[in-house]
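Let's take a walk through a protein together. Have a look at the sequence and the fold first, and then we'll go through some of the details.

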Amino acid sequence: MSGQQIPSTRTLAKELGISRFPVLNAYAQLLGEGYFEGRIGSGTVVSSSLPDQPTLPGPHGGRSTRILSGPRQSSTISAQLPGVKSEPWLQGRAAFVGSQLALDHFPFNLWSQLLAFRCRRIVEASLHYGHPMGLRDLREAIVSYLRTARAVRCDAEQIMIVSGSQQALDITSRVLLDPKDRVWLEEPGYTLARYIFMMAGSRLVPVPVDQEGLDVAAGRKLCAKAKAVYVCPSHQYPLGVVMSASRRLQLLNWAQSTGAWIIEDDYDSEYRYEGAPIASLQGLDRYSRVIYIGTFSKVLFPSVRVGYVVIPTDLVDRFVAVRQAMDIFPSNLHQQVLSDFINQGHFERHIRRMRPIYHDRLNALVGSLRKDLAGTLKVLASGAGLHVTVMLKAQASDEAISRRAALQNLWLWPLSICYLGSAPRQGFILGFGGIPVDEMPRAVRRLRAALQEK
Ligand SMILES: Cc1ncc(COP(=O)(O)O)c(C=O)c1O
C-alpha cells in the first residue's frame, strides 16, 4: 500500500538472517526506481505515487499483468491473419514444402569467403545510418541485371532495396493505398500478398485467372475502377500460367485509362526451363504505372532477405518517405556481399548452374506424378519455377489431406487457401526445388499413400 512504512535495513537484515549490504543495495535500487520514498522523520515508506491496485499472482506464483476488463484483443485486422500454427504445412522442411531450394548445390564456400571479406573490412562509414533506398553499389548491380535479363527499364535512382518481396509489397501498399481502396487480386493468388492488402484495409476484388493469366475483361466487369492490381505475369502463382501479350496490353491500357497502379511480382522468373525468358510487364509500360518487385529469395536463398522495388520516377520521393518512417534503411552487410556476388559474375554463373538442376528435378516430379498419380491428380506443369500445382480429380478437402500429411513429414500447401472467393479448387502446390532427382519417386509414393489414406 502506498505510504506503508518499510522496516529499517538493519531490522530487515536481522529478520532475514543476512548481511546488511544486500538489503542496503535493494533499498537504494527501489528508491532510485521510485517504488520507495524517504520521509524526514519517518524513515522509508512505499511511494505515495504508486497505484493501490496490486498485480495479480501469475500461475506459478510470479506476477502477471492485471487484466482490467474482458479478454485482451488485438486489432480486427491482425485477428484476420492466420497464424503459422494454424497452417501445419508451413512447419517442416522435408518433401514438397513451398519455396525449398537445391541448397545442396549452393556455393557455401564462395558465399562464406565474400562474407568474411566484408566482415574483415568493416569501416566507420558502414556503421552509420544508410540511405532509405539502400546501397548504391547493389542498386547499380541490380539495374544492369534487370535491363539485360528482364527487359526492365530503369536506373539506379528508381531501385529501392528491401527485405524481400513481402516488405516491397508492404511499402508499396502504404505509398499507394488508402483504407477501403479496391485492389484486384489474382484468383487464385499468393496468400502472403493478400495479407498485405488486408493489413492495408483494402477492399479485395478476386479476378479470375485463366490460360492467358489475369482476365482483364472479367476484372473490368467485377470492378471497373480499382486503385491497384497485384499480378505475377511471368509465372502466375500458383497456377503457373504466363500472361499473354494481349492481356498485358489490356492491363496496361486499363491502368492508364483508370489511373490504377500495377504491382508486378516477378518472384522466380530466372527459372524458366523451356523457350525464351518472359520479359517483364514493366518493360512494356509506356505510362509508368507499373511498380516492379523482385527478390533474391528464390534465386539465392530466402534468409538473405533482400529484394528490390523498381519505382516509377515520380513516386520515388513517397517511397523514401514511407521507408524512412518504417525501418529507415536496409541493413548493410548482406547488401555488400550480394553486390560483390553480382559484380564478380557469380550471380549469373549461379543461375546458369542451377537452371538444369531444377529442370531435372521438375521433370522427375512430373514424370513420377504422371506414372503414379495420373488417375488422382491433374498436373499443371508450367516449365518454370520451383513448384508444380496439382488438382485433385475426386472430391476431397485438400486442407484435411494437408493436415494429415503434415503428421507424416509431408508438407503439402493446399491450393484452396489461395482462393478468396467461395468456389475454391482443391489441390496442392508442391515445392520440388529441394528434392534430388533420385529421391523424387519415393517422395511421390509417399504422396500417393497420403492421398489414399482416409
Ligand atoms: C508469389 C511469390 N512472390 C514472392 C515470393 C518471395 O517472397 P520474399 O521475397 O518475401 O521471400 C514468393 C515465395 O514463395 C512467392 O511465391
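A residue is called buried when its relative accessible area is under 20%, exposed when that area is over 50%, and partly exposed in between, using a 1.4 Å probe and protein chains only. What you're looking at is a predicted model, where local features need pLDDT of at least 70, side-chain atom pairs count only at pLDDT 80 or more, and totals for chains, interfaces and linings use all residues. Residues are numbered from 1 along each chain as its sequence is written, and side-chain values use heavy atoms, with hydrogens and water left out.

Let's begin with Val-337. Is Val-337 buried or exposed? Its relative accessibility is 0%, so Val-337 counts as buried. You'll find Val-337 in helix 11, which covers residues 332–343. Helices here are DSSP runs of H or I with at least four residues, while strands are runs of E with at least two, and both are numbered from the N terminus.

Which residues does Val-337 touch, leaving aside its neighbours within four places in sequence? They are Trp-111, Leu-114, Leu-115 and Arg-118, where contact means heavy atoms within 4.5 Å. Take Trp-111: Val-337 and Trp-111 are 226 residues apart in sequence, yet their C-alpha atoms are 7.9 Å apart in space.

Now zoom out. The chain is split into domain 1 (9–46), domain 2 (88–101 + 352–452) and domain 3 (109–344), with bounds that come from an automatic or database domain assignment. Between the C-alpha centres of domain 1 and domain 3 there are 60 Å.

Next up, charges. Side chains of opposite charge can pair when their charged atoms come close. A salt bridge is a side-chain nitrogen of Lys or Arg within 4 Å of a carboxyl oxygen of Asp or Glu. How many salt bridges does a search of the whole structure find? It finds 15.

One of them joins Glu-37 and Arg-39, at 3.2 Å from N to O. Glu-37 counts as partly exposed because its relative accessibility is 22%, and Arg-39 is partly exposed too, at 35%. Arg-318 pairs with Asp-317 at 2.9 Å, N to O, and Arg-318 is partly exposed at 44%.

Then there's Glu-453 with Arg-404, at 3.7 Å from N to O. Glu-453 lies in the segment after helix 14 (440–452) and Arg-404 in helix 13 (residues 398–407), so this pair ties together parts that are 49 residues apart in sequence. Finally, Arg-136, Glu-140 and Glu-157 are linked in a network of salt bridges.
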